[in-house]
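Visitor: Please give me one connected account of a single part of this model, together with the elements packed around it. I would like each term to be stated with its cut-offs.

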Amino acid sequence: MSDNKKRIQIDNDHPLFNKEGLFFKEFPSDFRQIRYFTLMVVQNAPPEIKEINLLEQQISEIIKNAVKHGNHNDTNKKVKIWYEFTESSAHIIVEDEGPGFQKLKEWNDFNEKRLSCYARHDFEELGNYVSYRTEDSDDHDGGNALFAAIEYWNEGVVFTQKANCIALKKTFPTRNRSIKIS
């Protein structure tokens, strides 16, 4: 994975925003229904890529961010999801109706410092970068979903310029299921 893929990218024209051929669902921003919405999407994934529910957890966090931080739990606002799963990839685009995540550059800088501390094994300094919080954060926020997303979605995590739409993709190693006969 390139270093660029370890950062949140901002690019309206990024290929991950290509929705052609993707399935589509739209949900109201009802926080209580996030698990249900996630299962509606993930049910289409082949078992080879579900990875003991890691895919479900990742998609649930992205939907939760759209509902909570994007649409502020306003059930009159919608979350739109485009997705495609194969035996070797998962591709998802999630869009909310909110103003967008305005602190993407700040978050990337924070994450870069966090990763630098980790690479240097400077765990004392790393303590300053455990949780990313803004003036809008509540007790449950800390940026952990985005930290995990950067690690999980190995083909990229990209926001639009408005930052209310995120595209993510992961490729999975293909497994050779054949038996070698010598």
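**The sheet and its surroundings**

Guide: Six strands make up an open sheet of mixed pairing, in the order E1-E5-E6-E4-E3-E2. Its edges are E1 and strand E2 (23-28), each of which pairs on one side only. Strands (E, at least two residues) and helices (H or I, at least four) are DSSP runs numbered from the N terminus, and two strands count as paired if DSSP finds at least two bridges between them. The model is predicted, so local features need pLDDT of at least 70 and side-chain atom pairs count only at pLDDT 80 or more, whereas totals for chains, interfaces and linings use all residues. Residues are numbered from 1 along each chain as its sequence is written, and side-chain values use heavy atoms, with hydrogens and water left out.

Strands of a sheet pair through backbone hydrogen bonds, either parallel or antiparallel. Both senses occur at E5. With strand E1 (residues 9-10), E5 pairs in the parallel sense over two bridges, and Ile-10 stands opposite Phe-159 of E5. With strand E6 (residues 165-171), E5 pairs in the antiparallel sense over four bridges. Within E6, Ala-167 is the bridge partner of Val-158, and Ile-166 stands opposite Phe-159.

E5 and E6 also form a hairpin, with five residues between them. The loop between these two strands contains Ala-163, whose phi is positive at about 70° although the residue is not a glycine. Ala-163 has a relative accessible area of 5% and is therefore buried. A further positive phi, near 50°, belongs to His-72, again a residue other than glycine. His-72 is placed in the loop between H2 and E3, and its relative accessible area of 54% makes the residue exposed.

From the strands, the account passes to the helices. H2 lies across strand E3 (78-85), strand E4 (89-95) and E6, and runs at about 155° to E3. Axes are lines fitted to C-alpha atoms, for helices over the stretch in contact, and angles run from 0 to 180 degrees between N-to-C directions. H1 and H2 pack at an angle of about 130°, their axes being 9 Å apart. The two helices are therefore oblique to each other; angles under 35 degrees count as roughly parallel, over 145 as roughly antiparallel, 65 to 115 as roughly perpendicular, and the rest as oblique.

Side chains of opposite charge can pair when their charged atoms come close. A salt bridge requires a side-chain nitrogen of Lys or Arg within 4 Å of a carboxyl oxygen of Asp or Glu, and by this rule there are six salt bridges. One of them joins Glu-56 and Arg-35, with the closest N and O atoms 2.2 Å apart. Glu-56 lies in helix H2 (residues 54-70) and Arg-35 in helix H1 (residues 34-42), so this pair ties together parts that are 21 residues apart in sequence. Glu-56 is buried at a relative accessible area of 12%, whereas Arg-35 is exposed at 53%.

Another salt bridge links the side chains of Arg-7 and Glu-112, at 2.8 Å from N to O. Because Arg-7 lies in the segment before E1 and Glu-112 in helix H3 (residues 104-120), the pair ties together parts 105 residues apart in sequence. Arg-7 is partly exposed at 26% relative accessibility, and Glu-112 is partly exposed at 48%. Asp-122 and Arg-120 form a further salt bridge, their closest N and O atoms being 3.3 Å apart. Asp-122 has a relative accessible area of 27% and is partly exposed; Arg-120, at 48%, also counts as partly exposed.

Definitions and conventions: Buried < 20%, exposed > 50% of the residue type's maximum accessible area, 1.4 Å probe, protein only. Contact = heavy atoms within 4.5 Å.
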